[in-house]
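My notes follow the display.

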Amino acid sequence: MLAPDVASVIEERALPDGGLHYPALVLNADFRPLSYFPLSVWSWQDAVKAVFLDRVSVLSEYKDEVHSPSMSMRLPSVIALKDYIPAARKPAFTRFNVFLRDAFSCQYCGDRYPTHDLTFDHVVPRSRGGRTTWENVVTACGGCNLRKGNKLPRECHMHPRLKPAQPSTWELQENGRAFPPNYLHESWRDYLYWDSELES
Ligand SMILES: [Zn+2]
């Protein structure tokens, strides 16, 4: 039997770039990605370790191999966990998840921006007793945020396009599907983004 730390003895110089370009897409036991956004991807080292620990099944492989003194194997490109990991029922209240809930678009003007041009707006301003919660914080662009200032929505006629609420994990996953990452190996496509594939 091979030692669990077999990946550590596999020589990285077997791969010209140290394996940076061989990420493995990680699927849950139901063959859906563990996470869409950010897309669940492991380094080849972690993927190979998990294979030898028998924690994952290999669904697809790269053409390239890694070699140790005693064995060689093709690098996994898609793996699926053998044990299902249930999704957290409540997503964490983070800046990123608020952006994701609002699909990276300003909830006042509706325009979509890169994250560094987005900020947060308290629908009921903090100075008026508003709290920092899913129900009172929305994504806003700088211009709208400035215009709204310390006013209540009815005072400036600026109402969020969607009533802010705590999203489910499923809703965040669905929003994340709309933002494919830059890197997509062809072997991943069977498991991802059915809609975008149909269009291309
Ligand atoms: Zn705006």
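**Entry 1**

I started with histidine 157. Is histidine 157 buried or exposed? It is exposed, with 7 other C-beta atoms within 10 Å. For the cut-offs I used, a residue is buried with 20 or more other C-beta atoms within 10 Å of its own, exposed with 12 or fewer, and partly exposed in between; the C-beta atoms are placed from the backbone. Histidine 157 lies in the loop between α5 (153–156) and α6 (169–177). Helices (H or I, at least four residues) and strands (E, at least two) are DSSP runs, numbered from the N terminus. Histidine 157 has a positive phi of about 55°, although it is not a glycine. I noted the background: most residues other than glycine have a negative phi.

I then looked up alanine 103. Its phi is also positive, about 55°, and it is not a glycine. Alanine 103 sits in the loop between α3 (95–101) and β5 (118–122). It is partly exposed, with 14 other C-beta atoms within 10 Å.

**Entry 2: what I am looking at**

I wrote down that this is a predicted model: local features need pLDDT of at least 70, side-chain atom pairs count only at pLDDT 80 or more, and totals for chains, interfaces and linings use all residues. Residues are numbered from 1 along each chain as its sequence is written.

The protein chain has 7 helices and 6 strands. From the N terminus on, I read the order α-β-β-α-β-β-α-β-β-α-α-α-α. Buried residues make up 22% of its 200 residues.

**Entry 3: the sheet**

What is the order of the strands in the open sheet of 4 strands? I read β2-β1-β4-β3, with mixed pairing. Its edge strands are β2 (41–42) and β3 (56–67), each pairing on one side only. Two strands pair if DSSP finds at least two bridges between them.

I took the pairs in turn.

- β1 (residues 24–27) and β2 are antiparallel, over 2 bridges. The β2 partner of leucine 25 is valine 41.
- β1 and β4 are parallel, over 3 bridges. Valine 26 stands opposite isoleucine 79 in β4, and leucine 27 stands opposite alanine 80 in β4.
- β3 and β4 are antiparallel, over 8 bridges. A hairpin joins them through 4 residues. Histidine 67 stands opposite serine 72 in β4.

I then checked the two sides of β1. Both faces are covered: Ala24 and Val26 are buried on one side, Leu25 and Leu27 on the other. The general rule I noted is that side chains in a regular strand alternate between the two faces of the sheet.

**Entry 4: helix α2**

Which residues of α2 are buried? I found Trp44, Ala47, Val48, Ala50 and Val51. Seen down the axis of α2, the buried residues fall within an arc of 160°, so they line one face of the helix. The arc is that of the directions from the helix axis to the C-beta atoms. A helix turn explains the spacing: an α-helix has 3.6 residues a turn, so residues three or four places apart point the same way.

Just after α2, aspartate 54 takes a positive phi of about 65°.

**Entry 5: the cores**

I looked for nonpolar cores next. Such a core is a set of buried Ala, Val, Leu, Ile, Met, Phe, Trp, Tyr and Cys residues joined through C-beta atoms within 7 Å. The largest has 18 residues. Those with the most contacts inside it are Ala24, Leu25, Leu27, Trp44, Ala47, Val78 and Ile79. β1, α2, β3 and β4 each supply at least two residues of this core. Its largest share, 5 residues, comes from α2.

I followed alanine 47 from there. Not counting residues up to four places away in sequence, alanine 47 touches Ala24, Trp42, Pro76 and Ile79. Two residues are in contact if their C-beta atoms, placed from the backbone, lie within 7 Å.
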